[in-house]
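User: I would like to learn how to read a protein model step by step, starting from its overall make-up and moving on to the details of its packing. Could you take me through one?

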Amino acid sequence: GVYVTFFSIGGVLVSSGSTALNFQDFLIGTPLGVPDQLLGLAAAAALVSGVSLIVLYRPLVLQSQDPAFFASLYRPGWWVTQSFMIVFVLVLITAVNIFGTLLSIALAILPPLAARCWANAVPKIMMLSFGVGFAACVGGMFVSLIATFAPTGPTMVLFAAGIWLIS
């Protein structure tokens with residue numbers, strides 16, 4: 001959490017300078033300038049991940065909460081972890097094209113970190129994580145539109161980091 005917070009601060013500082021680096025879009029992305037093809041890819045990734053989460057929900061929760069009981073029900077159980085990793089990589093590849101390399105990982109990590117501080121049950125953590133991520137993205141876009149020197153991606157991550165720090 002601390003690493004991505006300071007990376008976002010660095011992204012804001014680099015972008016506020018008079019020179020723009022060539023790798024800036026690669027590192028921090030351009031969420032407000034997403035082409036139509038990437039929007040379609042993001043919608044497809046959201047659909048696939050949503051359906052996969054519905055299908056894998058029970059085995060994932062069971063594997064994380066009671067591995068011994070999970071092993072007795074699902075033999076072999078490796079397919080659950082591998083399926084989740086495939087879906088996560090699909091979402092991460094889509095997010096890298098929109099948010100940049102490192103900020104996409106930050107937006108995947110910070111909302112669940114904050115949600116874990118507020119809840120212990122998996123369904124509550126999932127809902128809070130979605131809420132924190134949504135609030136961070138909307139708040140970051142709003143501040144980025146008002147403060148023209150602040151790039152959108154790092155500002156979203158700073159919002160998520162702020163919610164995590166308050167937690």
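User: To begin with the overall make-up, how many helices and how many strands are there in the protein?

Analyst: Please keep in mind that this is a predicted model. The protein has eight helices and zero strands, and from the N terminus on its elements run α-α-α-α-α-α-α-α. Of its 167 residues, 35% are buried. Among the contacts with a separation of 6 or more, 63% are between residues 24 or more positions apart.

User: Which residues of the largest nonpolar core touch the most other members?

Analyst: This core has 18 residues, and those that touch the most other members are F99, L107, L110, A114, V157 and A160. Two or more residues each are given to this core by helix 5 (78-99), helix 6 (101-118), helix 7 (122-146) and helix 8 (152-166), and the largest share, six residues, comes from helix 8. Apart from this core lies another, of six residues, including L56, F70, Y74 and V80.

User: If we take L107 as an example, with which residues is it in contact once its neighbours within four places in sequence are left aside?

Analyst: With those neighbours left aside, L107 is in contact with F99, M156, V157 and A160.

User: How should I read the packing of two helices, and at roughly what angle do the axes of helix 6 and helix 8 cross?

Analyst: In general, two packed helices are described by the angle between their axes and the distance between the axes. Here the axes of helix 6 and helix 8 come within 8 Å and cross at roughly 20°. Angles under 35 degrees count as roughly parallel, and helix 6 and helix 8 are therefore roughly parallel to each other. Their crossing is left-handed.

User: Which residues of helix 6 and helix 8 meet there?

Analyst: From helix 6 come L103, A106, L107, L110, L113, A114 and W118, which meet G153, P154, M156, V157, A160, A161, I163 and W164 of helix 8. Sorted by class, this contact has 14 nonpolar residues, one polar residue and no charged residues.

Note on methods:
Residues are numbered from 1 along each chain as its sequence is written. This is a predicted model: local features need pLDDT of at least 70, side-chain atom pairs count only at pLDDT 80 or more; totals for chains, interfaces and linings use all residues. Side-chain values use heavy atoms; hydrogens and water are left out. A nonpolar core is a set of buried Ala, Val, Leu, Ile, Met, Phe, Trp, Tyr and Cys residues joined through side-chain atoms within 4.5 Å. Buried means under 20% relative accessible area, exposed over 50%, partly exposed in between (1.4 Å probe, protein chains only). Helices (H or I, at least four residues) and strands (E, at least two) are DSSP runs, numbered from the N terminus. Contact means heavy atoms within 4.5 Å. Axes are lines fitted to C-alpha atoms, for helices over the stretch in contact, and angles run from 0 to 180 degrees between N-to-C directions. Angles under 35 degrees count as roughly parallel, over 145 as roughly antiparallel, 65 to 115 as roughly perpendicular and the rest as oblique. A crossing is left-handed if the near helix is turned anticlockwise from the far one by less than a right angle, and right-handed if clockwise. Ala, Val, Leu, Ile, Met, Phe, Trp, Tyr, Cys and Pro count as nonpolar, Asp, Glu, Lys and Arg as charged, and the others, Gly among them, as polar.
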